[in-house]
Amino acid sequence: MTAPLALVVGGSGFLGKHICAAFTGHGWQVISVSRRARAVPGCTSVGVRPHGAYAQFQELIDETSPQVVVNAAGAVWQPTENDLQLANVECADAVTRAVAGGRKPTRLIHLGSSLEYAPRPRGQPTPESTPTTPTSAYGRSKLAGSRLVLAAARGPGIDAVVLRVFNAIGPGQPASSMLGRAVAELKRAQAHGVRARLELTHQERDFVDVRDVAEAVRLSAVARAPVLPPVVNIGRGEAATTATLLGALVKISGVPADVRMGGYPDGPRGNALSWQRADINLAGRALGWRPRTALPTTLHDLWCSAPGHPHDDSEPTGERASQ
């Protein structure tokens, strides 16, 4: 019996690598699609140029007939406006049209973002019914991509779901993210035998292990269509402060550090959203999914996986790792 095939767009990025591993770990064949056809363990790697991507996606889907296509590409950390448009909107449009025009039925799993939602009062969870009025350029670009997928899913010929991922963290964390920068500074201080100097902004967000996110994607691939909602939140269902995470990371590292509130500017992501916690009840009902990795384990594995230099976190259209 031939193993099922998953095509993962953005398979060489932060989320993409873990998604590929989740599928291969359950016996799937996987094609990783990225701009430079970067090698991903256990996968066939294919390169797709950012411009003219639709025709390339269409040809690849027609040639391979995957059971599922995952769009894990996207621009997240400190991208330009052009990066946001190209990676979060145009790539989503190309992938969606290619899946819809395929010769055989294919499920599309699109990774959206929690920053597509409007802010909620502190203490209140964010369900899928929350209004989508994002406060950042990043959130607006992700919402535009998700809307393209949802609009196509309302018509004939495409079976699609948007997973709105909250703050994915874990092994391979991009060096351009808050925790990635902290790890890089702790590694630098460790190598030179000095105290680390860390800065952070105060936020209270929902942080979920990237491997749990990858498992949610895999479960979405095998879930029966009649019970698969159009949008599903993927988070821990708990909020943690950035100070708590950074303090735990410093303790795990064993590196003396001075921490100053101030911060890492989020650029197009914006700092307006200071509180967010996912309502993940629907993920449990529809996918049989729940987060299984404790935050201390996530942070420990993040630290232990980090080399002494920043990660190379490029994505298929020249953007940085997707959320």
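## Contacts and overall make-up

A contact means heavy atoms within 4.5 Å. Among contacts in the protein chain between residues at least 6 apart in sequence, 80% join residues at least 24 apart. This is a predicted model, in which local features need pLDDT of at least 70 and side-chain atom pairs count only at pLDDT 80 or more, while totals for chains, interfaces and linings use all residues. Residues are numbered from 1 along each chain as its sequence is written, and side-chain values use heavy atoms, with hydrogens and water left out.

The protein chain has 9 helices and 13 strands (DSSP runs numbered from the N terminus: helices H or I of at least four residues, strands E of at least two). Of its 323 residues, 58% count as buried (under 20% relative accessible area; exposed is over 50%, partly exposed in between; 1.4 Å probe, protein chains only). The accessible surface of the chain comes to about 13100 Å², with 53% belonging to carbon and sulfur atoms (Shrake-Rupley method, 1.4 Å probe; for residues, only the protein chains shown count as cover).

## Nonpolar cores

A nonpolar core is a set of buried Ala, Val, Leu, Ile, Met, Phe, Trp, Tyr and Cys residues joined through side-chain atoms within 4.5 Å. The largest has 66 residues, and Ile19, Phe23 and Phe57 have the most contacts inside it. Helix α6 (residues 210-222) supplies the largest share of this core, 7 residues. Apart from this core lies another, of 23 residues, among them Ala189, Phe207, Ala240 and Leu246.

Leaving aside residues up to four places away in sequence, Ile19 touches Val8, Val70, Ala72, Leu111, Ala214 and Val217.

## Aromatic rings

The structure holds 2 aromatic pairs (rings of Phe, Tyr and Trp, the last by its six-membered ring, with centres within 6.5 Å; planes under 30 degrees apart are stacked, over 60 edge-to-face, the rest tilted). The ring centres of Tyr117 and Phe166 are 6.5 Å apart and the planes are at 35°, so this pair is tilted. Tyr117 lies in the loop between β5 (107-113) and α4 (137-153) and Phe166 in the loop between β6 (159-165) and β7 (167-169), so the pair ties together parts 49 residues apart in sequence. Tyr117 is buried at 1% relative accessible area, and Phe166 is buried at 0%.

Charges also sit over rings (NZ of Lys or CZ of Arg within 6 Å of the ring centre and within 35 degrees of the ring normal). Arg97 lies over the face of Tyr54, 4.1 Å from the ring centre. The charged end of Lys187 sits over the ring of Trp303, at 4.2 Å from its centre.

## Ser253

Ser253 is found in helix α7 (residues 242-253) and counts as buried at 9% relative accessibility. Ser253 touches Leu186, Gln190 and Trp303, not counting residues up to four places away in sequence.
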